[in-house]
Amino acid sequence: AGRTPQLRQRFDVVTARSFGPPAVTAECGAPFLGPGGVLLVAEPPGAPDTRWPRHGLELLHLVDDGVVRVRAAGVRRLRAEKPVDEAFPREVGVPAKRPLFHVEQRA
C-alpha cells in the first residue's frame with residue numbers, strides 16, 4: 001500500500017501496534033508520511049532506545065523524537081524529515097527477510 005500513489009505521502013500521522021520488528025515497521029510506515037508527519041509506534045514495556053538506531057532511520061529520512069508516555073505504556077515518535085525515497089517500501093516480504101537495520105542487543 002505504501003507504493004499506491006493515492007496513499008503515498010498523504011498522511012500527517014501513521015500508527016502501529018504489534019506490526020513487526022522496528023526495521024519493518026519503519027520501512028512500511030514511512031512511505032505514507034508527508035514531510036513533518038509522524039509515525040507513532042507502541043513500544044513494548046521496558047523497550048530500550050537501541051531498538052531504533054539513528055543510522056537505520058536515516059535511510060528512511062526518519063528522526064527519532066523519543067518516547068511519549070501514555071499511562072504506563074510508551075509510544076515512540078518518529079518524524080519524517082522529508083519524503084522517503086521511491087525505493088521504499090521494498091517488495092513484499094523483503095523488509096522482514098533483509099531488514100534495513102538490526103536492533104542492538106544489550107548484555
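Residues are numbered from 1 along each chain as its sequence is written. Because the model is predicted, local features need pLDDT of at least 70 and side-chain atom pairs count only at pLDDT 80 or more, while totals for chains, interfaces and linings use all residues, and side-chain values use heavy atoms, with hydrogens and water left out.

Start with the whole. The protein has three helices and four strands. Helices (H or I, at least four residues) and strands (E, at least two) are DSSP runs, numbered from the N terminus. Along the sequence, the elements follow the pattern β-α-β-α-β-β-α.

Next comes overall size. The C-alpha atoms fill a box of roughly 40 × 30 × 20 Å along the principal axes. The radius of gyration of the protein is 13 Å, which agrees with the value near 13 Å for a compact globule of 107 residues. That radius is taken over C-alpha atoms, and the globule rule is 2.2 Å times the number of residues to the power 0.38.

How much of the chain is buried? Of the 107 residues, 38% count as buried. Buried means under 20% relative accessible area, exposed means over 50%, and partly exposed lies in between (1.4 Å probe, protein chains only). Now look at contacts, meaning heavy atoms within 4.5 Å. Among contacts between residues at least 6 apart in sequence, 65% join residues at least 24 apart.

Zoom in on Thr25. Thr25 sits in helix H1. Thr25 counts as buried because its relative accessibility is 4%. Leaving out residues up to four places away in sequence, Thr25 touches Ala16, Phe19, Gly20, Leu39, Val41 and Trp52.

Turn to charges. Side chains of opposite charge can pair when their charged atoms come close. How many salt bridges does a search of the whole structure find? The search finds eight. Each has a side-chain nitrogen of Lys or Arg within 4 Å of a carboxyl oxygen of Asp or Glu.

Take Glu43 and Arg51. The closest N and O atoms of this salt bridge are 3.0 Å apart. Glu43 is buried, at 10% relative accessibility. Arg51 is buried too, at 16%. Glu43 and Arg51 also belong to a network of salt bridges that includes Asp64 and Arg76.

Glu58 and Arg54 form another salt bridge, with closest N and O atoms 3.5 Å apart. Both residues lie in helix H2 (residues 54–58), four residues apart, about one turn of the helix. Glu58 is partly exposed at 46%, whereas Arg54 is exposed at 66%.

Asp65 pairs with Arg77 in a salt bridge, the closest N and O atoms being 2.5 Å apart. This pair links distant parts of the chain, with Asp65 in strand E3 (residues 62–70) and Arg77 in strand E4 (residues 73–80), twelve residues apart. Asp65 is partly exposed at 34%, and Arg77 is partly exposed at 30%.

Finish at the largest pocket. About 250 Å³ of space lies there. Of its 14 lining residues, the closest to the centre are Ala1, Cys28, Pro89, Arg90 and Val92. Helix H1 (22–29) and helix H3 (94–97) are the elements that give two or more residues to the lining. On a 1 Å grid over the protein atoms alone, with a 1.4 Å probe, a pocket is an open set of points with protein on both sides within 12 Å along at least five of seven lines, and lining residues have an atom within 4 Å of a point. The volume is the space filled by probe spheres set on the points, which are joined across faces, edges and corners.
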